[in-house]
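Colleague: Before I use this model in class, I would like to understand the words that go with it. Could you take me through them slowly?

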Amino acid sequence: MVATNRSDIVKSITDPNKIWDVVIVGGGATGLGAAVDAASRGYKTLLLEQADFAKGTSSRSTKLVHGGVRYLAQGDIGLVREALHERGLLLKNAPHLVKNESFVIPNYEWWGGAFYTIGLTLYDLLAGKLGFGRAKHISKKEVISKLPTINQKGLRGGVVYHDGQFDDSRLAVNLAQTALEQGATVLNYFRVVSLIKDDQQKIAGVITTDMETDQTYTIKCKTVINATGVFVDDLLQMDKPGKKPMVRPSQGVHLVLDRSFMPGEDAIMIPKTEDGRVLFAVPWHDKLVVGTTDTPLNEHSLEPRALEEEIDFIIRTAEKYLSKAPTRHDVLSVFAGLRPLAAPEGDSSKTKEISRSHKLLVSDSGLITITGGKWTTYRRMGEDTINKAIEVGKLDPKPSMTKDLSIHGSKLNVNRDDHLYVYGSDENALLALVNENAEWGKKMHPDMPYIQAEVVWGVRHEMARNVEDILARRVRSLFLNARAAIDMAPLVAGLIAKELNKDAAWEKEQVASFTFLANGYLLEPYQASPKSSPKERM
Ligand SMILES: Cc1cc2nc3c(=O)[nH]c(=O)nc-3n(C[C@H](O)[C@H](O)[C@H](O)COP(=O)(O)OP(=O)(O)OC[C@H]3O[C@@H](n4cnc5c(N)ncnc54)[C@H](O)[C@@H]3O)c2cc1C
């Protein structure tokens with residue numbers, strides 16, 4: 001297994017004379033995809049992420065690996081075909097994290113059945129050999145058997161189609177591990193604070209600060225890739241103060257509910273809500289994720305917050321389609337993410353018309369900026385970006401290897417009834433930790449499946465540095481049940497403290513800051529119960 005010890009990795013960036021081929025700023029889907037592509041081609045690659053991998057938008061998606069049925073409706077055939085191709089590659093290269101999910105579009109209009117069946121048949125045809133299964137029209141009775149809690153009033157039938165579903169931040173962590181295995185240097189909690197230029201005003205490196213120690217390092221390189229999502233304009237400003245914004249953030253919110261609101265394995269897709277948007281209700285782990293919204297914003301942040309009207313809109317729409325209507329009280333977690341949509345020239349007040357395809361920009365200085373796109377197309381975005389870096393940095397040309405590159409953890413036929421399936425080929429090594437300490441086999445919370453060994457594994461092998469890294473992105477408790485996450489924080493802080501030699505003051509501060517953060521994922525504030533009661537796993 002490749003070393004993920006932070007101090008060892010930091011050593012590799014301390015040589016001031018080393019010249020990297022590619023430095024990537026940003027450790028979300030886009031930056032990680034570029035790092036895997038560059039390293040697997042054999043380039044000296046460094047990725048710097050200011051917080052944790054996928055801390056930004058890449059942990060806050062709808063969890064779909066999809067072509068985008070709605071882009072088909074907008075006539076963007078090329079974008080849909082490309083995304084469907086990438087969907088197939090991702091299922092092949094990370095089968096432990098991506099699965100084939102069936103979606104039902106319930107029809108309440110006489111024309112709905114034929115209309116959506118034709119559209120979705122085209123969707124399937126565009127996937128070519130990498131198709132996930134054919135769409136078909138189903139009767140009202142079949143809709144009810146798949147979705148027992150569907151609102152039956154006026155229901156005429158439905159259409160079933162197939163798309164992919166995944167765990168976004170787990171994939172990000174596995175991509176960081178893949179990049180390391182391919183020879184890249186990858187660091188979280190390293191912020192790029194300025195760019196270095198040569199006499200010709202061309203990019204020659206970056207200055208970066210270790211957010212844990214405040215120490216600053218000078219990095220020399222041939223190319224810099226700005227893969228900072230909604231933050232791309234901050235780096236473009238470092239490059240050229242006064243530059244016009246390239247990105248318009250659009251917020252998307254999801255509510256997480258208990259599965260009793262929609263038991264069964266199928267997801268619902270509502271193609272046209274009251275304001276013309278698409279809404280999904282998707283089973284995810286053992287909960288139900290409902291969303292999303294599309295709200296133009298003028299500001300960006302690493303912790304965006306849902307607006308009241310977004311929460312109301314999702315609850316109002318869900319209650320129209322589900323016989324058991326959810327209320328605010330039923331919300332286990334609410335999370336918001338910002339789409340880094342490439343802003344058009346002219347008026348950018350309507351986000352639905354802004355392009356979802358990715359854009360590559362090369363500044364006069366040679367800074368390469370990649371923005372837009374989606375999780376599903378991260379690999380293709382990485383390939384396009386490194387092709388551009390070869391041109392800009394005059395790198396020795398080598399072909400992309402990622403189409404057939406297995407992602408760390410890749411394993412076929414995982415047992416999805418055991419929550420540890422997300423670790424894929426690492427599962428046995430994780431469970432072996434219990435031989436080192438039997439306590440680590442215990443569950444951390446009566447309402448969540450996670451065991452203590454996952455915390456130790458996250459710190460030792462997945463570069464987790466604090467309570468939030470574990471509870472938000474290594475296990476997904478913050479997103480699935482924020483109250484349970486608050487309850488688990490003291491135990492998680494204690495386990496991390498032992499691994500990283502931290503003191504009691506660190507533990508206390510971690511619990512307090514995580515509790516504050518997690519309350520932002522709840523509609524009603526909550527304090528940790530004095531003592532959680534860990535249970536045996538088996
Ligand atoms: C609500 C919502 C739902 C979505 N659903 C789906 C879906 O179901 N399927 C799908 O395919 N796509 C989906 N997407 C799109 C997808 O999530 C995004 O396209 C993708 O995650 C963007 O990744 P990114 O790496 O560009 O940005 P981010 O994930 O935001 O990563 C950028 C990173 O750059 C870091 N950074 C910024 N400045 C610096 C600096 N100075 N130094 C170092 N690091 C820095 C940030 O900390 C951040 O981690 C969704 C998007 C949203 C908002």
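Modeller: Let us begin with the polar contact, which is a pair of N or O atoms within 3.5 Å; within protein, one of them must be able to donate a hydrogen and the other to accept it, and residues adjacent in sequence count only if both atoms are side-chain atoms. The side chains of Glu303 and Arg60 are joined by such a contact, at 3.2 Å. Please keep in mind that this is a predicted model, in which local features need pLDDT of at least 70 and side-chain atom pairs count only at pLDDT 80 or more, while totals for chains, interfaces and linings use all residues. Residues are numbered from 1 along each chain as its sequence is written, and side-chain values use heavy atoms, with hydrogens and water left out.

Colleague: Why is Glu303 counted as buried?

Modeller: Buried means under 20% relative accessible area, exposed means over 50%, and partly exposed lies in between, with a 1.4 Å probe and only the protein chains considered. Glu303 has 17% relative accessibility, and therefore it counts as buried. Glu303 lies in the loop between β15 (295-296) and α9 (308-321), where helices (H or I, at least four residues) and strands (E, at least two) are DSSP runs numbered from the N terminus.

Colleague: Which residues is Glu303 in contact with, leaving aside its neighbours within four places in sequence?

Modeller: Contact means heavy atoms within 4.5 Å, and with those neighbours within four places left aside, Glu303 is in contact with Lys55, Arg60, Glu468, Leu517 and Tyr521.

Colleague: What makes Glu454 a buried residue?

Modeller: The relative accessible area of Glu454 is 2%, so the residue is buried. Glu454 has its place in helix α12 (residues 453-461), and a polar contact of 2.8 Å joins its side chain to that of Tyr423. Beyond its neighbours within four places in sequence, the contacts of Glu454 include His419, Leu430 and Ile470.

Colleague: How do you know that Arg41 is buried?

Modeller: Arg41 has a relative accessible area of 4%, and so it is buried. This residue is found in helix α2, which spans residues 29-41. The side chain of Arg41 reaches the backbone oxygen of Lys398 at 2.8 Å, and a polar atom of that side chain lies 3.3 Å from the backbone oxygen of Glu383.

Colleague: Why is Asn501 called exposed?

Modeller: Asn501 is exposed because its relative accessible area is 72%. Its place is the loop between α15 and α16 (504-519), and its phi is near 55°, a positive value in a residue other than glycine.

Colleague: What makes up the largest nonpolar core?

Modeller: A nonpolar core is a set of buried Ala, Val, Leu, Ile, Met, Phe, Trp, Tyr and Cys residues joined through side-chain atoms within 4.5 Å. The largest has 111 residues, and those with the most contacts inside it include Leu171, Ile225 and Phe514. Helix α15 (residues 482-500) gives the most to this core, with 11 residues. Apart from it lies another core, of 29 residues, with Phe261 and Val331 among them.

Colleague: Which residues come nearest to the ligand?

Modeller: A residue is near a molecule or strand if one of its heavy atoms lies within 4 Å of it. There are 37 residues around the ligand, and Thr30, Glu49, Ser58, Leu64 and Thr376 come nearest. A nitrogen atom of the ligand is 3.0 Å from a polar backbone atom of Val192, while an oxygen atom of the ligand is 3.1 Å from a polar backbone atom of Trp375. The protein covers 96% of the 1,000 Å² of accessible area that the ligand has on its own, where such areas come from the Shrake-Rupley method with a 1.4 Å probe and, for residues, only the protein chains shown count as cover.
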